[in-house]
Amino acid sequence: MAKTPQKAPSKSKASVKAAPKKAPAKTASRAAVLKTPLYKATKPELMEFYEQMLLIRRFEEKAGQLYGLGLIGGFCHLYIGQEAVVTGLQSAIEPGKDSVITGYRDHGHMLACGIDPNVVMAELTGRASGISKGKGGSMHMFSVDHGFYGGHGIVGAQVSLGTGLAFGHKYREDGGVCLAYFGDGASNQGQVYESFNMAELWKLPVIFVIENNQYAMGTSVNRSSSEDQLYRRGESFRIPGMQVDGMDVLAVRGAVEEALKYVRAGKGPVLMELKTYRYRGHSMSDPAKYRSRDEVQDVREKSDPIERLKAMLMKQGVKEEDLKALDKKVRKTVMEAADFAEESPEPEAAELYTDVLVEQY
Ligand SMILES: Cc1ncc(C[n+]2csc(CCOP(=O)(O)OP(=O)(O)O)c2C)c(N)n1
Ligand SMILES: [Mg+2]
C-alpha cells in the first residue's frame with residue numbers, strides 16, 4: 001500500500017485547506033479550452049507506441065477467445081479499438097510518481113502501466129497466480145506497486161476515488177498526478193460533478209479522462225447526453241477542457257503533455273475528452289443490436305489506431321517484415337500469458353476466507 005498521509009508537514013496542510021470563508025469573487029472568464037498539439041515522436045518512440053497498442057489488441061483478442069472457450073467467467077469488457085488512448089496517455093506519465101484509476105474496461109490500462117500480462121491473464125481466468133489471487137476477475141484488479149488503483153465495477157466511482165488519489169498527491173507533496181479514466185456514460189453520473197467542484201476548488205493534480213467510445217452499453221452518447229461535447233462538461237467548474245482524436249496516438253500524447261504541464265504547475269484539474277470507439281460489444285455477452293455492422297466496419301477501415309500508426313511507420317521507411325516480426329513477438333508474449341494462466345492452479349478453497357473484511361474499522 002502507498003504510505004498513508006498521517007504526518008504531512010504543516011506547509012502541505014496549508015496548501016490543501018479549503019478556500020477562506022469569504023473568498024473573493026472570481027473573474028468572469030477563463031480559458032475553457034487548452035491547446036492540443038500533435039506530438040513529434042522519434043522513430044523508436046513510434047515503434048514503442050506500435051508495440052504497446054499491438055500488445056493490448058492481441059491480449060484482448062486472446063481474452064475474447066478464452067472467454068468463448070469458457071476459461072474466463074463473469075464479466076469481461078474488451079478494450080479493442082481504444083488502444084491509442086491509454087498508450088498515448090500513459091507514455092507521458094511518470095511511473096512510481098503518478099497514479100491511474102479506471103472502470104471495468106481495464107486490461108489495457110494495466111498493460112500500459114507495465115503490469116506483467118501473465119498475471120493479468122491469470123486473473124481473468126480466476127487462477128491463484130492472478131494479480132488479485134484469482135478472486136477479482138476482469139473488473140477488480142489492482143497493483144499499487146505500479147500506481148494502478150483499479151479496476152472498478154461501479155460506474156463513475158473511480159472519478160471520486162481518483163479525486164481522492166489526487167488529494168493524496170497534493171497532501172504528500174509527492175509531485176504526482178492522477179489520471180482518472182471514465183466513460184461517456186459515466187460522465188452523466190452525479191458524483192463526477194461533486195468531484196469536479198472539489199478538484200478545482202482545491203486545485204488538485206488530476207486529469208479527468210473521458211474515453212468517449214460513443215456508447216454506454218447500448219445507448220449512444222447523443223441519445224443520452226444533453227451536452228454531448230463532453231470536453232465542455234467542466235466549464236461551469238472552471239476546469240479547462242480538451243477534445244482529442246483518441247484514434248491517433250500522437251494527438252493523445254501531444255494533448256496530455258499540455259494537460260500535464262498545466263496540472264503539474266499547480267493550476268488544478270484538466271478535463272480531456274478522447275473521441276474513440278469500441279469495436280466489440282459492451283461486454284462479451286452483448287449482441288450489439290443497437291448499431292450496424294457497417295458502422296463498426298467503417299471505423300475499422302478508416303480510423304483504426306494501429307493501422308494508422310502502421311501506415312505512418314511505413315512512410316518513414318520501416319519495412320513491413322519488421323512490423324510483422326514485432327507482431328510475432330507480441331503474439332508469443334500473449335500465448336505465453338495464456339499458457340501461464342491455463343497451467344496455474346485455481347485458488348485453494350481456504351482463500352474464500354482471506355482478504356475479506358470482517359473486523360470493524
Ligand atoms: C452505478 C452504476 N450504474 C449502472 C451500472 C451498469 N453499467 C455498467 S457499464 C454501464 C455503461 C457505462 O458506459 P461508459 O461509461 O460509456 O463506459 P464504457 O462501457 O463505454 O467503457 C452501465 C450503465 C453500474 N455498473 N454502476
Ligand atoms: Mg462508453
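Student: Which residue of β2 is the bridge partner of Ser99?

Tutor: Ser99 has Cys178 as its bridge partner in β2, and Ile101 is likewise bridged to Ala180 of that strand. Two strands count as paired if DSSP finds at least two bridges between them, and β1 is joined to β2 (residues 178-183) by three bridges, with the two strands running parallel. Strands are DSSP runs of E with at least two residues, helices are runs of H or I with at least four, and both are numbered from the N terminus. The model is predicted, so local features need pLDDT of at least 70 and side-chain atom pairs count only at pLDDT 80 or more, while totals for chains, interfaces and linings use all residues. Residues are numbered from 1 along each chain as its sequence is written, and chains are lettered from A and ligands numbered from 1 in the order in which they are written.

Student: Which strands form the open sheet, and in what order?

Tutor: Five strands form the open sheet, and reading across it gives the order β1-β2-β3-β7-β6, with parallel pairing. The edges are taken by β1 (99-101) and β6, each of which has a single partner strand, so one side of each is left without a neighbour in the sheet. Further in, β2 and β3 pair in the parallel sense over six bridges, and Leu179 stands opposite Ile207 of β3.

Student: Are the faces of β2 and β3 buried or exposed?

Tutor: Burial is judged by counting neighbours: a residue is buried if 20 or more other C-beta atoms, placed from the backbone, lie within 10 Å of its own, exposed if 12 or fewer, and partly exposed in between. For β2, six of the six residues are buried, so the strand is largely enclosed by the rest of the structure; one face carries Cys178, Ala180 and Phe182, the other Leu179, Tyr181 and Gly183, and both faces are covered. For β3, seven of its seven residues are buried, with Val206, Phe208, Ile210 and Asn212 on one side and Ile207, Val209 and Glu211 on the other.

Student: How many residues of helix α3 are buried?

Tutor: Eight of the eight residues of α3 (residues 83-90) are buried, and the helix is described as mostly covered. The buried residues of α3 are Glu83, Ala84, Val85, Val86, Thr87, Gly88, Leu89 and Gln90. Over the whole chain of 361 residues, 44% are buried.

Student: How many helices and strands does the chain have, and what does its C-alpha trace span?

Tutor: The chain has twelve helices and seven strands, and its C-alpha trace spans about 60 × 55 × 40 Å along the principal axes. Two residues are in contact if their C-beta atoms, placed from the backbone, lie within 7 Å. Among contacts in the chain between residues at least 6 apart in sequence, 77% join residues at least 24 apart.

Student: Which residues does Gly64 contact, leaving aside its neighbours within four places in sequence?

Tutor: Gly64, which belongs to helix α2 (residues 43-68), is in contact with Leu78 and Met284 once those sequence neighbours are left aside. With 16 other C-beta atoms within 10 Å, Gly64 is partly exposed. Gln82 is 18 residues away from Gly64 in sequence, and the two C-alpha atoms are 16 Å apart in space.

Student: Where does the backbone have a cis peptide bond, and which residues have a positive phi without being glycine?

Tutor: Most residues other than glycine have a negative phi, and most peptide bonds are trans. Here the bond from Gly150 to Gly151 is cis, with omega near 25°, and Gly151 is found in the loop between α5 (117-124) and α6 (157-172). Lys203 has a positive phi of about 50°; its place is in the loop between α7 (190-201) and β3 (206-212), and it is partly exposed, with 17 other C-beta atoms within 10 Å. Arg238 has a positive phi near 70°, lies in the loop between α8 (221-224) and β6 (241-245), and counts as partly exposed with 18 C-beta neighbours inside 10 Å.

Student: Which residues come nearest to ligand 1?

Tutor: A residue is near a molecule if its C-beta atom, placed from the backbone, lies within 6 Å of it. Of the 13 residues around ligand 1, Val155, Gly183, Gly185, Ala186 and Ala216 come nearest, and Gly183 is also one of the buried residues of β2.
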